[in-house]
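Here are some notes for a colleague opening this entry. Please keep the sequence and the 3D view at hand while reading.

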Amino acid sequence: MRQDEVPRVFADHLFEAMRLHMAVTYGALNLKTRTNGGLSAWQMQRAKELLLDDLAVNRSVSGAG
């Protein structure tokens, strides 16, 4: 990394932090809403079935095979 790039990277990071702060403080951005993500129970069960089924079967999305 060149010496003149370090201040630019720092400045980019600083301005991004300032934009985020303003969006949360003065805008409608809400960072407290989070989801756990992951699969639902039926999706997890189906994934297990597919994995434990016949591993030699082609499971492509296109259905070919």
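1. A cut-off comes first. Residues count as buried under 20% relative accessible area and as exposed over 50%; partly exposed lies in between. Glu16, with a relative accessible area of 42%, is therefore partly exposed. Please keep in mind that this is a predicted model.

2. Overall make-up. The chain has two helices and zero strands. Helix α1 covers residues 5-26. Helix α2 covers residues 41-52.

3. Burial. What share of the chain's 65 residues is buried? The figure is 0%.

4. A nonpolar patch. Four residues form it on the surface: Phe10, Leu14, Phe15 and Met18. Together they have about 410 Å² of accessible area.

5. Salt bridges. How many does the structure hold? There are two. Side chains of opposite charge can pair when their charged atoms come close. The two pairs are taken in turn below.

6. Arg19 forms a salt bridge with Glu16. Their closest N and O atoms are 2.8 Å apart. Arg19 is exposed, at a relative accessible area of 55%. Glu16 is partly exposed, at 42%.

7. The pair in helix α2. Which residue forms a salt bridge with Arg46? The partner is Glu49, with the closest N and O atoms 3.4 Å apart. Both residues lie in helix α2. They are three residues apart, about one turn of the helix. Arg46 is partly exposed, with a relative accessible area of 43%. Glu49 is partly exposed too, with a value of 37%.

8. A side-chain contact to the backbone. Thr25 lies in helix α1. Where does the side chain of Thr25 reach? It reaches the backbone oxygen of His21, at 2.8 Å. Thr25 has a relative accessible area of 41%, so it falls between the 20% and 50% limits and is partly exposed.

9. To recap for a first look. Begin with the two helices. Then find the patch that includes Phe10 and Met18. Next, check Arg19 with Glu16 and Arg46 with Glu49. Finish at Thr25 and the backbone oxygen of His21.

Terms used
Residues numbered from 1 in each chain as written. Predicted model: local features only at pLDDT ≥ 70, side-chain atom pairs only at ≥ 80, totals over all residues. Heavy atoms only, no water. Helix = DSSP H or I, 4+ residues; strand = E, 2+ residues; numbered from the N terminus. Buried < 20%, exposed > 50% of the residue type's maximum accessible area, 1.4 Å probe, protein only. Patch = residues over 30% accessible without salt bridge, like charges linked within 9 Å, V, L, I, M, F, W, Y side chains within 5 Å. Areas by Shrake-Rupley, 256 points an atom, 1.4 Å probe, with all protein chains shown as cover. Salt bridge = Lys/Arg side-chain N within 4 Å of Asp/Glu carboxyl O. Polar contact = N/O pair within 3.5 Å; in protein donor to acceptor, adjacent residues only side chain to side chain.
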